[in-house]
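Colleague: I have a model open and I want to learn how to read it. Where do we begin?

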Amino acid sequence: MLPEKLSTSLTSLNFNEDRLAIVVEMVIGADGSLGDSNVYRARVRNHAKLAYNSVAAWLDGGAMPPGIDGVDGLAENLRLQDKAAQSMKDLRHAQGALSLETIEARPVFEGDFIRSLQVEERNRAKDIIEDFMIAANGVTVRYLSSRKIASIRRVVRVPKRWGRIVEIAAEHGFRLPGSPDQKRWRNF
């Protein structure tokens, strides 16, 4: 766990406070493909305090959360990010990426004691963050590699007996790519 000063102050995008950040700039095509990209330092300021669940509900046709209408162009920007994230995900899956479901639980407190754990449901706002983080990770790896800067990363290898895995999946109604190549698996 990070020290509180790091996790809630220095690395948080607190509302209306300037923060130093690393920006991963990406140009995403209509088909979800990555065009040009860059990584650079910047000073950023959070102009709207938003919550995943209320943004997801709005993207699904619900009421606009407070804060979005107070920033010119933010609503259009969020809708554009949602569309780009969905396109990137569709392209990754068409190229053989697998969907993995992880369960996140949030503690429910009663006073100072944890009463239970509540499962956090996936939603479109969380998916936007996840999809852009996947793309940003790839951009960052390429940026560091092109500058011969050492980095630690996990490389997913093609599973052994892939052909048998595809057969078993097909028997259960799932469709997987027939023969993943090493490069495709490394980038997703």
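Modeller: Begin with the core. The model is predicted. Its largest nonpolar core has 20 residues. Met26, Trp58, Ile68 and Phe132 have the most contacts inside this core.

Colleague: Which elements give two or more residues to this core?

Modeller: They are α2 (52-59), α3 (74-94) and α4 (124-146).

Colleague: How far can I trust the coordinates?

Modeller: Look at pLDDT, the predictor's confidence in each residue. The chain averages 87. At least 70 is reached by 92% of the residues. Treat residues 181-188 separately: their pLDDT is below 50. That stretch still has 20 contacts in the model beyond near neighbours in sequence.

Colleague: Now the overall layout. How many helices and strands does the chain have?

Modeller: Six helices and four strands. Read from the N terminus, the order is α-β-β-α-α-β-β-α-α-α. The C-alpha atoms fill a box of roughly 50 × 45 × 35 Å along the principal axes.

Colleague: And what share of the residues is buried?

Modeller: Of 188 residues, 21% count as buried. The chain exposes about 14100 Å². Carbon and sulfur atoms supply 55% of that area.

Colleague: How do I read contacts across the sequence?

Modeller: Ask how far apart the partners are along the chain. Take contacts between residues at least 6 apart in sequence. Here, 49% of them join residues at least 24 apart.

Colleague: Take me along helix α3. Is aspartate 82 buried or exposed?

Modeller: Aspartate 82 lies in helix α3. Buried means under 20% relative accessible area. Aspartate 82 has 6%, so it is buried. Beyond its neighbours within four places in sequence, aspartate 82 contacts Leu59, Arg124 and Ile128.

Colleague: Why does alanine 85 count as buried?

Modeller: Because its relative accessible area is 2%. Alanine 85 is also in helix α3. Residues up to four places away aside, alanine 85 touches Ile128, Asp131 and Phe132. Ile128 is on the contact list of aspartate 82 too.

Colleague: How does separation in sequence compare with distance in space?

Modeller: Check both numbers for a pair. Alanine 85 and methionine 133 are 48 residues apart in sequence. Their C-alpha atoms are 10.0 Å apart.

Colleague: Give me another pair. How many residues separate methionine 88 and alanine 105 in sequence?

Modeller: They are 17 residues apart, yet 27 Å apart in space, C-alpha to C-alpha.

Colleague: Where is methionine 88 found, and why is it called buried?

Modeller: Methionine 88 is in helix α3. It counts as buried because its relative accessibility is 5%. Leaving aside neighbours within four places in sequence, methionine 88 contacts Ile28, Gly32, Asp131, Phe132 and Ala135.

Definitions and conventions. Residues numbered from 1 in each chain as written. Predicted model: local features only at pLDDT ≥ 70, side-chain atom pairs only at ≥ 80, totals over all residues. Heavy atoms only, no water. Core = buried A, V, L, I, M, F, W, Y, C linked by side-chain atoms within 4.5 Å. Buried < 20%, exposed > 50% of the residue type's maximum accessible area, 1.4 Å probe, protein only. pLDDT = per-residue confidence, 0-100. Contact = heavy atoms within 4.5 Å. Areas by Shrake-Rupley, 256 points an atom, 1.4 Å probe, with all protein chains shown as cover.
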